[in-house]
Amino acid sequence: VSTQSTWDQRRGLTNLCCLRVACSSVLAMSFYNDSWSDLFSNISPYSWAGVGIGLSLALSVIGAAWGIFLTGSSLVGAAIKSPRIRSKNLISVIFCEAVAIYGVIIAIILVSKMDSPGADKVIDQIKVHHAGYCIFFSGLSVGIANLFCGVCVGITGSGCALADAQKPELFVKILIVEIFGSALGLFGVIVGIIQSSKAAFV
């Protein structure tokens with residue numbers, strides 16, 4: 001009975017939160033002339049760009065940490081039975097760490113595009129909004145790509161450590177798969193650079 005009561009309380013709390021979000025959306029819509037386009041167009045393009053840069057960094061670091069967690073736990077566990085795998089399987093951890101570096105690289109590139117216009121310059125609102133959206137979606141694309149890349153490399157590195165503990169000749173074969181998995185993050189960086197290539201606030 002207590003479990004059912006707790007479940008009902010959680011469901012009621014969830015419904016209340018959804019109701020509050022819906023009411024806030026309706027109020028925001030009425031305030032901004034009943035249009036979602038008006039709502040989003042009144043958000044500063046610099047805010048969009050900043051959120052995109054933050055997402056590229058945060059999701060990349062989460063992906064790297066997740067991958068290190070996956071491959072590191074298997075590596076430490078398998079090294080108890082086969083201590084010889086400890087040194088060479090650290091390359092899997094390095095591949096995971098490279099995912100976070102991809103996020104830092106794209107963040108530096110995107111930040112360099114956020115120039116403030118001078119006081120004497122006429123601001124082109126369409127150009128500024130275009131730049132904000134470009135940087136936002138560029139950061140989002142890189143972040144999501146690196147998140148899944150980190151998980152991919154972590155799972156593959158975990159399998160590599162376990163397989164190497166059983167059969168040493170499998171290490172190089174699985175390492176090739178891991179290299180291709182790590183390349184996915186690099187593809188995400190390339191896509192992000194292409195997306196933000198036309199972004200210019202000034």
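W48 is buried, with a relative accessible area of 15%, where buried means under 20% relative accessible area, exposed over 50% and partly exposed in between, computed with a 1.4 Å probe on protein chains only. This is a predicted model, in which local features need pLDDT of at least 70 and side-chain atom pairs count only at pLDDT 80 or more, while totals for chains, interfaces and linings use all residues. Residues are numbered from 1 along each chain as its sequence is written, and side-chain values use heavy atoms, with hydrogens and water left out.

A search of the whole structure finds three aromatic pairs; rings of Phe, Tyr and Trp (its six-membered ring) pair if their centres lie within 6.5 Å, and planes under 30 degrees apart count as stacked, over 60 as edge-to-face and the rest as tilted. Y133 is partly exposed, with a relative accessible area of 28%.

W48 also forms an edge-to-face pair with F136, at 5.0 Å centre to centre and with 70° between the planes. That pair, too, links distant parts of the chain, since W48 is in helix 3 and F136 in helix 5, 88 residues apart. Both W48 and F136 are buried. W48, Y133, F136 and F137 form one aromatic cluster.

## The overall fold

Of its 202 residues, 36% count as buried. Among contacts between residues at least 6 apart in sequence, 84% join residues at least 24 apart, where contact means heavy atoms within 4.5 Å.

## Helix 4 against helix 5

The axes of helix 4 and helix 5 come within 9 Å and cross at roughly 175°; axes are lines fitted to C-alpha atoms, for helices over the stretch in contact, and angles run from 0 to 180 degrees between N-to-C directions. That makes helix 4 roughly antiparallel to helix 5, given that angles under 35 degrees count as roughly parallel, over 145 as roughly antiparallel, 65 to 115 as roughly perpendicular and the rest as oblique. On the helix 4 side the contact includes S92, F95, C96 and V99, and on the helix 5 side it includes I135, S138, G139 and V142. The residues of this contact divide into ten nonpolar, eight polar and no charged, where Ala, Val, Leu, Ile, Met, Phe, Trp, Tyr, Cys and Pro count as nonpolar, Asp, Glu, Lys and Arg as charged, and the others, Gly among them, as polar.

G154 is found in helix 5 and, at 0% relative accessibility, counts as buried. Leaving aside its neighbours within four places in sequence, G154 is in contact with G67, L70, T71 and C96. The C-alpha atoms of G154 and G181 are separated by 9.5 Å, although these residues are 27 residues apart along the chain. S158, also located in helix 5, counts as buried at 13% relative accessibility, and it touches L70, T71 and S74 when residues up to four places away in sequence are not counted.

## Helix 4 against helix 6

Helix 4 (residues 90-111) and helix 6 (residues 171-195) pack at an angle of about 5°, with their axes 10 Å apart, and are therefore roughly parallel to each other. Among the residues that meet are I91, S92 and F95 in helix 4, together with F171, L175 and E178 in helix 6. The residues of this contact divide into eleven nonpolar, four polar and one charged.

S92 lies in helix 4 and is buried, with a relative accessible area of 0%. Apart from its neighbours within four places in sequence, S92 is in contact with T71, V153, G157 and E178. F171, for its part, has K88 over its face, at 4.8 Å from the ring centre; a charge sits over a ring if NZ of Lys or CZ of Arg is within 6 Å of the ring centre and within 35 degrees of the ring normal.

Note on methods:
Helices (H or I, at least four residues) and strands (E, at least two) are DSSP runs, numbered from the N terminus.
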